[in-house]
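I opened a new page for this model and looked up a few items in turn. The notes follow in the order I took them.

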Amino acid sequence: MSNIVRDSEVVEITEPPYFSFGEKVKAKRTIRNDGTYAGKEIGEILAKKGEEGYVVSIGTFLQQFYIYGVEFMESGNRVGMKKKELDPVISRDEDIDLPLPSVGGLAR
């Protein structure tokens with residue numbers, strides 16, 4: 001049981017934000033209004049699973065989490081989301097091998 005990580009034990013703001021302004025992201029699951037989104041009924045869908053959007057703001061919550069304001073393109077909604085609710089659209093694989101550019105014909 002000691003291996004369980006609860007949100008209350010995680011403090012993300014000791015590191016820089018994971019996502020950047022303008023970064024294209026997608027929702028990991030369907031997001032419904034929990035009553036905090038003005039103008040929508042409780043339970044109404046704000047973003048569908050897999051819907052893509054862009055990070056338009058970065059804030060914090062409870063001095064613990066980053067909250068990413070994401071403008072979703074299909075629904076037109078701007079929703080505050082945690083890192084665990086989002087995936088980057090462009091993969092962040094660090095092992096990408098790109099060819100080096102040739103400079104003045106030196107590369108052979």
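Where is the place of E23? I note that the model is a predicted one. I find E23 in the segment before strand 1.

**Entry 1: E23**

In general, the strands of a sheet pair through backbone hydrogen bonds, parallel or antiparallel.

I went through two of the pairings. Strand 1 (residues 24–27) and strand 4 (residues 52–61) are antiparallel and share three bridges. Within this pairing I noted K26 opposite E52 of strand 4, and V25 with G53 of strand 4 as its bridge partner. Strand 4 and strand 5 also run antiparallel, and eight bridges join them. There I noted F61, which stands opposite F65 in strand 5.

I also looked up I67, which is in strand 5. I67 has 22% relative accessibility and therefore counts as partly exposed. I took one C-alpha distance from I67: V79 is 12 residues apart from I67 along the chain, and the separation is 9.4 Å.

**Entry 2: the hairpin of strand 4 and strand 5**

How many residues lie between the strands of this hairpin? I count three residues there, and L62 takes a positive phi near 55° in the hairpin. I flagged this value, as L62 is not a glycine. Q63 is flagged as well: its phi is positive, near 50°, and Q63 is a residue other than glycine.

L62 sits in the loop between strand 4 and strand 5, and Q63 is found in the loop between strand 4 and strand 5 too. The relative accessibility of L62 is 60%, so I list L62 as exposed. For Q63 the value is 70%, so Q63 is listed as exposed. I also took a C-alpha distance from L62 to V11: the two are 9.5 Å apart in space and 51 residues apart in sequence.

**Entry 3: salt bridges**

How many salt bridges does a search of the whole structure find? The search returns six salt bridges. I wrote down some of them, including the bridge between the side chains of E85 and R29, at 2.8 Å from N to O. This pair links distant parts of the chain, 56 residues apart: E85 is in the loop between strand 6 and strand 7, and R29 is in the loop between strand 1 and strand 2 (31–32). E85 has a relative accessibility of 14% and therefore counts as buried. R29 has a relative accessible area of 44%, so R29 counts as partly exposed.

Another entry in my list is K48 with E74, where the closest N and O atoms are 3.6 Å apart. This pair links distant parts of the chain as well, 26 residues apart, with K48 in the loop between strand 3 (45–47) and strand 4 and E74 in the loop between strand 5 and strand 6. K48 is partly exposed at a relative accessible area of 44%, whereas E74 is exposed at 60% relative accessibility.

I also kept E44 with K40, whose closest N and O atoms are 4.0 Å apart. E44 is partly exposed, at 31%, and K40 is partly exposed, at 29%.

**Entry 4: a nonpolar patch**

Which residues form a nonpolar patch on the surface? I find Y54, V56 and M73, which together have about 260 Å² of accessible area. I looked up M73 by itself: its place is in the loop between strand 5 (65–72) and strand 6. M73 has 52% relative accessibility and therefore counts as exposed, the limit being over 50%.

Terms used:
Residues are numbered from 1 along each chain as its sequence is written. This is a predicted model: local features need pLDDT of at least 70, side-chain atom pairs count only at pLDDT 80 or more; totals for chains, interfaces and linings use all residues. Side-chain values use heavy atoms; hydrogens and water are left out. Two strands pair if DSSP finds at least two bridges between them. Helices (H or I, at least four residues) and strands (E, at least two) are DSSP runs, numbered from the N terminus. Patches are made of residues with over 30% relative accessible area and no salt bridge: like charges are joined within 9 Å, nonpolar side chains (Val, Leu, Ile, Met, Phe, Trp, Tyr) within 5 Å. Accessible areas come from the Shrake-Rupley method with a 1.4 Å probe; for residues, only the protein chains shown count as cover. Buried means under 20% relative accessible area, exposed over 50%, partly exposed in between (1.4 Å probe, protein chains only).
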